[in-house]
Amino acid sequence: MSIKVKKSIKIKKRLIGLIWGIALFPFVLLFLMIILINFGVFGKMPTFEDLENPQSELATEVYAEDGKGGYTLLGRYALKNRSHVEYRELSRPLVEALIATEDARFVQHSGIDYRSLARVLFKTVLGRNDKYGGGSTITQQLALNLYSERSSNKIKRVIQKLQEWVTAVNLERNYTKTEIITMYFNTIPFGYESYGIRTAAQTYFNKLPAELNLEEAALMIGILNAPSWYNPVKHPQRAKERRNVVLSQMVKYGYLEKKKYDSVSKLDIKLSFKLANHNTGYGTYFRETLRQIMKMQKPDIKNYKFKTREEYVADSIQWEKNPLFGWCNKNLLNGRPYNIDRDGLKIYTTVDARMQQYAEEAVTEHLSKTLQPQFNDAKRYRKNFPFSNQIKESEVKGIISAAVKNSDRYRSMKKAGYSESEIMKSFSDSIRMTVFSWTGKNCEVDTTMTPLDSIWYYKSILRVAFMAIEPHTGRIKAYVGGHNFRYFKFDNTWQGRRQIGSTVKPFLYTLAFNEGWTPCSRIYNNTQTIRLPEGGVWSPRTSEKEEYIGKEITLKLALALSSNNISAYLIQSIPPKALADICHRFGLTGYMDPTPAICVGSSDMPLFEMTAAYNVFPGKGMYTYPMFVSHIDDKHGTRLATFVPDRREEVISKERAYTIINLMQGVTSGGTGTRVRNYVPPGTDVGGKTGTTNDNSDGWFIGYVPKLTAGVWVGNEDRRAFLLGDGARMSLPIWGLFMKKVLDDKTIPVRSTDKFEIPDGMDISAFNCPEDDPEENGAN
């Protein structure tokens with residue numbers, strides 16, 4: 001063989017080798033990259049333990065009692081609104097639609113579908129035709145959802161795709177196909193902050209996944225491709241077309257008959273859409289307050305610079321005695337505190353879903369239809385509405401100026417470096433905005449006004465607080481911290497501390513009876529003038545009818561009339577500090593200035609504490625701290641904690657408690673609370689007390705029937721606003737509307753025939769005071 005021929009053969013071999021090298025190089029490179037990926041060179045890969053326990057953020061679910069022995073979902077805490085579902089809870093159409101649309105050979109492959117990859121390579125990449133879709137399997141998509149973050153960088157995206165392949169194969173080795181399908185449905189986003197099919201089914205259809213029919217299941221799978229683009233709420237026609245694509249895929253792969261497709265594909269989309277977030281649903285204020293309570297840190301005096309010492313002491317007691325207070329930090333999961341937004345807890349509260357609904361309906365009915373319209377009418381004769389005409393112009397300007405500087409607009413512009421004049425000019429320029437309004441759809445309207453006008457506008461919106469609890473258990477049955485959580489985040493029930501007015505009087509009378517007075521003890525109803533230790537005098541105003549002034553009346557009648565004269569008389573023989581002390585025994589934690597004015601309610605307290613304090617009377621003298629939660633389970637349903645009535649302490653005897661009940665029945669049968677009788681059936685055992693503060697700034701009513709105690713406060717954001725009338729007009733109707741709904745609901749074990757239990761051996765003839773004939777009057 002010639003040298004020339006040998007050279008030719010050698011060149012051919014080299015050329016063939018080069019061709020093979022070029023052909024095999026991508027595969028060798030791919031093989032090497034996969035090895036390097038397995039060793040974590042391009043980023044941490046999930047370990048075997050990670051695969052065994054995939055971490056997905058699960059929403060904590062908050063439940064209320066449904067009155068049927070079970071619970072109903074009240075709301076969720078979540079960074080990602082996700083709830084877990086089991087495979088058996090998935091409807092068959094859901095699974096079939098997913099496989100037909102996303103991964104037709106799901107049951108055959110082992111994580112990677114090489115036929116799909118080839119299709120993508122030749123038809124999508126080389127042929128530049130994207131109608132053939134992508135090549136990612138359901139398992140690869142799950143790997144991306146669980147362990148990766150999508151990258152826009154092309155090189156990183158290639159590496160990420162290889163990581164998905166490796167992870168997908170490992171997932172297939174560790175899980176069955178049904179487990180992979182289940183994990184996929186639990187992690188995929190469906191839009192509107194709905195992660196996982198359980199949350200999505202509730203958001204779009206108010207159903208469980210197992211209840212989704214064929215067309216609903218197809219729509220859900222269709223949304224996955226692009227939740228915003230195929231949004232059935234905003235783009236129903238586009239979503240319908242995508243749904244029908246899913247249905248056609250089901251026909252193509254034998255999951256659906258053509259005849260069925262022809263009928264179902266013509267159906268319009270029907271939703272029962274309900275956006276689930278912190279601002280919607282029942283019990284919004286309760287849910288947020290519960291979240292804050294469970295997340296509390298152990299009190300440290302250094303963190304109470306802007307709070308009172310009383311608040312620090314109260315929180316410290318809570319930390320020690322209340323297991324729910326700071327529960328997430330007192331208990332650990334895998335060595336760390338529980339994360340209420342991620343760990344999928346199931347919190348079963350004491351709230352009754354029916355009573356919660358009735359409470360919110362009562363608040364809305366009275367404020368929107370009666371009180372707010374009447375309050376707005378007063379604008380005609382008030383120069384600085386909603387403030388009293390007696391307030392100086394300079395004081396009003398100070399209030400508004402403070403509100404401006406506390407606004408988000410002012411703070412953000414100040415931080416951005418705008419001058420004071422530029423900021424104030426922006427408050428005078430009219431802009432489009434959406435504001436709260438009782439008359440608007442979903443309680444909001446689009447309007448044009450200046451930011452300054454919006455501050456005045458919101459100053460005129462009345463605020464409210466409501467709570468109902470069981471006397472003997474302290475279980476909270478309904479809780480309303482305000483009338484619209486989206487626009488008014490402040491919880492008036494828990495956070496709000498307002499002057500309590502005449503609602504303090506049952507505690508004063510309790511103390512008087514402990515000192516030897518009786519319901520029939522008689523006192524002249526004259527103006528009282530008390531000399532103060534620091535100099536000067538104090539003389540309270542009273543508002544009972546003129547016919548009672550200057551007359552000798554019993555303490556029973558005095559409480560019914562809410563006489564300030566009689567309260568001032570009693571405080572001269574009872575040390576003010578003694579009244580403060582007994583109030584603290586009733587669970588009131590705020591500071592009470594031990595001056596004579598304490599007897600007419602000069603102290604500030606939250607409705608939460610006041611309602612719990614009044615609960616002592618139908619609770620037969622026992623104080624029970626209000627109970628939020630009955631038990632907590634983890635995401636698997638394992639019981640983590642069970643709660644029982646906390647801090648049950650005897651404050652007064654059964655006999656003393658019944659004495660006050662009897663007197664407070666007088667308030668509702670002929671005194672300042674007589675209007676209650678307009679809402680409850682004749683003969684209903686009910687006691688209560690109205691309360692009104694200086695300049696009618698706050699209106700209270702706290703009352704009870706034998707099996708339920710409820711309190712109401714109505715006022716304004718600024719206590720210098722002048723309201724309409726007294727507690728009987730402002731707050732009592734909400735209590736009455738709520739109690740009427742409760743008593744009318746025969747599924748709730750609170751009856752108009754229930755009676756206050758008279759302690760054994762107690763002589764109640766002492767309550768029959770001669771010449772007592774109270775009539776309804778305008779007292780507070």
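These legends go with a set of close-up views of a predicted model.

**View 1. The whole chain, before zooming in.** The secondary structure comes to 27 helices and 24 strands. Contacts reach well along the sequence: among those between residues at least 6 apart, 69% join residues at least 24 apart.

View 2. As background, nonpolar side chains in soluble globular proteins tend to be buried together.

View 3. Which residues does Leu290 contact once its neighbours within four places in sequence are set aside? The list runs to Val62, Tyr77, Leu324, Ile347, Thr349, Phe628 and Val629. Three of these names, Leu324, Phe628 and Val629, turn up again in the lining of the largest cavity.

**View 4. The largest cavity.** Searching the whole structure turns up 3 cavities of 30 Å³ or more, and the largest holds about 90 Å³ of space. Its lining takes in Asn322, Pro323 and Leu324, then Tyr625, Pro626, Met627, Phe628 and Val629, and finally Phe643, Val644 and Asp646. Sorted by class, that lining is 9 nonpolar, 1 polar and 1 charged.

**View 5. The second largest cavity.** This one has a volume of about 60 Å³. Around it sit Leu58, Ala59, Glu61, Arg82, Ser83, His84, Gly344, Leu345, Lys346 and Lys635. What's the make-up of this lining by class? It divides into 3 nonpolar, 3 polar and 4 charged residues.

**View 6. The S1–S2 hairpin.** Strand S1 (residues 60–65) and strand S2 (residues 71–77) run antiparallel and are joined by 6 bridges. Ala64 stands opposite Thr72 in S2. The two strands make a hairpin with 5 residues between them, and in the turn Gly67 has a positive phi of about 80°. Glu61, which falls within S1 (60–65), is one of the residues lining the second largest cavity. Tyr77, where S2 (71–77) ends, is one of the contacts of Leu290.

**View 7. The second largest pocket.** Here the volume is about 1,300 Å³. Of the 42 lining residues, those nearest the pocket's centre are Tyr458, Arg463, Tyr487, Phe488 and Glu717. Elements giving two or more residues to the lining are helices H16 (393–405), H17 (408–415) and H19 (451–459), along with strands S8, S10 (462–469) and S24 (708–716). H19 supplies the largest share, 5 residues. By class, the lining splits into 20 nonpolar, 11 polar and 11 charged residues.

**View 8. Asp429 in its loop.** Asp429 sits in the loop between helix H18 (420–426) and strand S8 (431–436). Is this residue buried, exposed or partly exposed? Its relative accessible area is 32%, so Asp429 counts as partly exposed, since buried would need under 20% and exposed over 50%. Beyond its neighbours within four places in sequence, Asp429 is in contact with Met449, Thr450 and Pro451. For Thr450, 21 residues apart from Asp429 along the chain, the C-alpha separation is 5.3 Å.

Conventions:
Residues are numbered from 1 along each chain as its sequence is written. This is a predicted model: local features need pLDDT of at least 70, side-chain atom pairs count only at pLDDT 80 or more; totals for chains, interfaces and linings use all residues. Side-chain values use heavy atoms; hydrogens and water are left out. Helices (H or I, at least four residues) and strands (E, at least two) are DSSP runs, numbered from the N terminus. Buried means under 20% relative accessible area, exposed over 50%, partly exposed in between (1.4 Å probe, protein chains only). Contact means heavy atoms within 4.5 Å. On a 1 Å grid over the protein atoms alone, a cavity is a set of points where a 1.4 Å probe fits but cannot get out, and a pocket is an open set with protein on both sides within 12 Å along at least five of seven lines; lining residues have an atom within 4 Å of a point. Grid points are joined across faces, edges and corners, and a volume is the space filled by probe spheres set on the points. Ala, Val, Leu, Ile, Met, Phe, Trp, Tyr, Cys and Pro count as nonpolar, Asp, Glu, Lys and Arg as charged, and the others, Gly among them, as polar. Two strands pair if DSSP finds at least two bridges between them.
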